[in-house]
Amino acid sequence: MPTPDFSLPLTLTILGAGAWGTVLSFLLEHNGHKIRLWSRRHDQSLAATLEGCPIIVSAVSIKGVPALARQVRQIGLAPGTILVSATKGLDGETTCLASQIWQENLPEHPVVVLSGPNLAKEIKAGLPAATVVASHQPDAAQTVQQVLASERFRVYTHHDPLGTELGGTLKNVVAIAAGVSDGLELGTNAKSALITRALSEFTRVGTVLGGKTETFFGLSGLGDLLATCNSPLSRNYQVGFRLAQGQSLETALAEIGETAEGVNTANVLFDIAQQKNISMPIAHQVYLLIHKKVTPSQAVEALMERELKPETPGA
C-alpha cells in the first residue's frame, strides 16, 4: 500500500454516523475536506470506505469499538495512516479505553485521541468551541490539529492521550449526578460542591489508571466536566435529571434516544474501584442509582453524611 499523502485538502473517513460523527463530518467539510461517512446500519463496504484515506476518525460508541477495530485490522491500512479516536467510554469486558483497543489492533499506526467540551448541537449550530488532540506521536497530533482547526473550532495538541481520554470518559458519570442535582432543585451551592469534589474524585481515579494530574485540569478534564454538567444538551445530564424527576432508567434512555455513555462507565468504574480499592463516592452513588438500589434523594443523603474530613488535594 502507498504511504498516505497529507497534502490539504484530504479525503477522510469517519466511522460512525451518530450525532458526534455527523458533526465531525460537518466540521471537516467546512474546512474543505471530502468526507466518507460510514455506519454499520447502512449497506456500505468498510474496505472501500477506508481505501486511500490518510486519516480515519472513529466516532462509534464504545460498545462497537472492539468489533470494528478487529474488522479494520483484518482489512489493513496503508503505513502511516492516522487513527483518530473520538469515542468516550470504557469497554465493559476489558475496562480499556477506545484508543487502547485501537492501538492494540493497529500497533504500527499512530493513534490520536480527540476529546473536549464539545456538545454536538452547539458545534452544529456554528457556535465556537475548543478541543484537544493527544498522542504519543506529536507529528500525528499536529497533523490532526491542522486538519480540524478552523475559525469556529480551536484545536490544542497534548502529549497525554490516556489522561485526555479518561477526562472525557469519567465526566459522563459526574454529569448524571449533576442532572440529579438540578432535577431535585438542590441549588447552585450543592451543584458547585458536587462538581468540585467530582473533579478531585476523577483526577484520583484517572491518575491511578495512568493519566497525568495536570491533564484533568485542562479542556478535556475540567473543561468537559463543566460543559457536560451544566447543559441540558448533554445526554448524561438528561439521564440524571430524568431519574430525579421519577422516570425509570429505561424510560429516560428511550426518550433520549441516543447512547448515554455515563451509564456503562459507572458500571465499569464500580468494578475498577473494587479491584484497585479506589474511593469513588460520587461514582458509587451513581452506580447504585442506575441499579435502583437507592433513590436520588438517598444518594444525596449518603454523600452529605459521609465521614467529615479536611479538604486536601486528592482526598
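## Helices, strands and the model

Helices (H or I, at least four residues) and strands (E, at least two) are DSSP runs, numbered from the N terminus. This is a predicted model, in which local features need pLDDT of at least 70 and side-chain atom pairs count only at pLDDT 80 or more, while totals for chains, interfaces and linings use all residues. Residues are numbered from 1 along each chain as its sequence is written, and side-chain values use heavy atoms, with hydrogens and water left out.

## Helix α3 and its buried side

Let's start with helix α3, residues 65-75. Which of its residues are buried (under 20% relative accessible area with a 1.4 Å probe, protein chains only; exposed is over 50%, and partly exposed lies in between)? They are V65, P66, L68, A69 and V72. These residues sit on the same side of α3, because they cover an arc of only 165° around the axis, taken from the directions from the helix axis to the C-beta atoms. An α-helix has 3.6 residues a turn, so residues three or four places apart point the same way.

The buried residues of α3 pack against β1 (11-15), β2 (34-38), α2 (46-50) and α4 (98-105). Just after the helix comes G76, with a positive phi of about 90°.

## Two nonpolar cores

A nonpolar core is a set of buried Ala, Val, Leu, Ile, Met, Phe, Trp, Tyr and Cys residues joined through side-chain atoms within 4.5 Å. The largest one holds 44 residues, and V239 and L269 touch the most other members. Helices α7, α8, α9, α10, α11 (249-256), α12 (261-276) and α13 each supply at least two residues of this core, with the largest share, nine residues, coming from α7.

Which residues does L269 contact (heavy atoms within 4.5 Å), leaving aside neighbours within four places in sequence? The partners are L90, L170, V173, V205, M280 and A283. A second, separate core has 27 residues, including V23, I55, V112 and V155.

Rolling a probe the size of a water molecule over the atoms shows where empty space is left. Here, on a 1 Å grid over the protein atoms alone, a pocket is an open set of points where a 1.4 Å probe fits, with protein on both sides within 12 Å along at least five of seven lines; lining residues have an atom within 4 Å of a point. Of its 42 lining residues, A19, W20, R235, E258 and T259 are the closest to its centre.

The second largest pocket has a volume of about 800 Å³. Among its 29 lining residues, A193, R197, I282, L303 and M304 are the closest to the centre. Helix α8 gives the most to this lining, with seven residues.

Find T157 in strand β7, residues 153-158. T157 is partly exposed, at 36% relative accessible area, and touches V133, A141, Q142 and Q145, not counting residues up to four places away in sequence.

Now look at two loops. T95, between β4 (82-85) and α4, has a phi near 60°, a positive value in a residue other than glycine, and is partly exposed at 28% relative accessibility. E185, between α7 and α8, has a positive phi near 55° and is exposed, at 71%.

Key:
Grid points are joined across faces, edges and corners, and a volume is the space filled by probe spheres set on the points. Contact means heavy atoms within 4.5 Å.
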